[in-house]
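Subject: Structure handover, with notes on what was found

Dear colleague,

I am passing on the structure we spoke about, and I would be glad if you could read the notes below with the coordinates open beside them.

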Amino acid sequence: MAELIAVQGDITTMRVDAIVNAANTSLLGGGGVDGAIHRAAGPELLAECRKLGGCETGNGKATPGFHLPAKWVFHVVGPVWQGGGHDEDDLLSNCYQRCLELAKAHHVRSIAFPAISTGIYQFPPKRAARIAIDTVREHVDASDVEVVRFVCFDRETLEIYEHILEEPPRVPIG
Ligand code: ADP
């Protein structure tokens, strides 16, 4: 089982093989973590993203990290929260699962995730953290990832992640 840890900080500074970007469907940059990643990676990242032709919600695409310490950026599009009745949970889970597939394809051993959809897209933070951790726990062993960092921008998010990570993993019944 890979090591799952929560840290507080700026994802653009993480020295890992891949960082995950909470992008939008255009993949052409935006606010929040997306803007921070584009600023830190340099204009080469936008030029590369222009070649990708966008991305649908729940899916993701990889680019190099350019000037970032991370070798790769996995750009995923989380769902916009619309009250919970629009498949938001599954779409968010798909983002984490997709990143682990990209990790496997790119031989990534360490990966850092932001709290996808919990900023501008307004997904409830506790519900999002539970989905993030459950999905990664379920799928990480199918990849070569050994270290997963959940990068929390603020103290409240860090506390949510730490609380969930301390609980013993749920064992499926039957
Ligand atoms: P979304 O549109 O998917 O909601 P946001 O970028 O608005 O994406 O927010 C996603 C999460 O990323 C939020 O919890 C926000 O606080 C956090 N965040 C913003 N900037 C950074 C950063 N530089 N490093 C890590 N997390 C960040």
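The notes that follow take up the ligand, then the aromatic rings, and then some loop residues. Please keep in mind throughout that this is a predicted model.

The ligand and its surroundings

The ligand sits in the largest pocket, and there are 14 residues around it, of which Asp10, Val33, Thr118, Gly119 and Ile120 come nearest. Helix 1, which spans residues 32-41, supplies the largest share of this shell, with 3 residues. As for polar atoms, a polar backbone atom of Val33 is 2.8 Å from an oxygen atom of the ligand, while an N or O atom in the side chain of Thr118 is likewise placed 2.8 Å from a ligand oxygen atom. Ser117 contributes through its backbone, where an N or O atom lies 2.9 Å from an oxygen atom of the ligand. How much of the ligand's surface does the protein bury? Taken alone, the ligand exposes 560 Å², and the protein buries 91% of that.

Most residues other than glycine have a negative phi. Ser117 is found in the loop between strand 5 and helix 4, and with a relative accessibility of 5%, which is under the 20% cut-off, it counts as buried.

The aromatic rings

The structure holds 4 aromatic pairs. One of them joins Trp81 and Phe123, whose ring centres are 4.8 Å apart and whose planes make an angle of 65°, so that the pair is edge-to-face, the term used for planes over 60 degrees apart. Trp81 belongs to the loop between strand 4 (72-77) and helix 3 (88-105), whereas Phe123 belongs to the loop between strand 5 (110-113) and helix 4 (125-139), and the pair therefore ties together parts that are 42 residues apart in sequence. Phe123 itself has a relative accessibility of 1% and counts as buried.

A further pair is made by Phe113 and Phe150, with ring centres 6.0 Å apart and planes at 25°; because that angle is under 30 degrees, the pair is stacked. This pair also links distant parts of the chain, as Phe113 lies in strand 5 and Phe150 in strand 6 (residues 147-152), 37 residues apart.

Residues in the loops

The loop between strand 2 (18-23) and helix 1 contains Asn24, whose side chain makes a polar contact with the side chain of Ser26 at 2.7 Å and reaches the backbone oxygen of Gly29 at 3.3 Å. With a relative accessibility of 19%, Asn24 counts as buried, because the cut-off is under 20%. Leu27 has its place in the loop between strand 2 and helix 1 as well, and its phi is near 60°, a positive value in a residue other than glycine. At 2% relative accessibility, Leu27 counts as buried.

Two further loop residues are partly exposed. Thr57, in the loop between helix 2 (43-50) and strand 3 (60-64), has a relative accessible area of 33% and is partly exposed. The C-alpha atoms of Thr57 and Val80 are separated by 8.9 Å, although the two residues are 23 residues apart along the chain. Pro124, in the loop between strand 5 and helix 4, is partly exposed with a relative accessible area of 28%. Pro124 and Trp81 are 43 residues apart in sequence, yet their C-alpha atoms are 7.9 Å apart in space.

With best wishes

Methods: Residues numbered from 1 in each chain as written. Predicted model: local features only at pLDDT ≥ 70, side-chain atom pairs only at ≥ 80, totals over all residues. Heavy atoms only, no water. Phe/Tyr/Trp six-rings, centres within 6.5 Å; stacked < 30°, edge-to-face > 60°. Helix = DSSP H or I, 4+ residues; strand = E, 2+ residues; numbered from the N terminus. Buried < 20%, exposed > 50% of the residue type's maximum accessible area, 1.4 Å probe, protein only. Near = heavy atom within 4 Å. Polar contact = N/O pair within 3.5 Å; in protein donor to acceptor, adjacent residues only side chain to side chain. Areas by Shrake-Rupley, 256 points an atom, 1.4 Å probe, with all protein chains shown as cover. 1 Å grid on protein atoms, 1.4 Å probe; cavity = no way out; pocket = protein on both sides within 12 Å on 5 of 7 lines; lining within 4 Å. Sits in = over half its atoms within 2 Å of the grid points.
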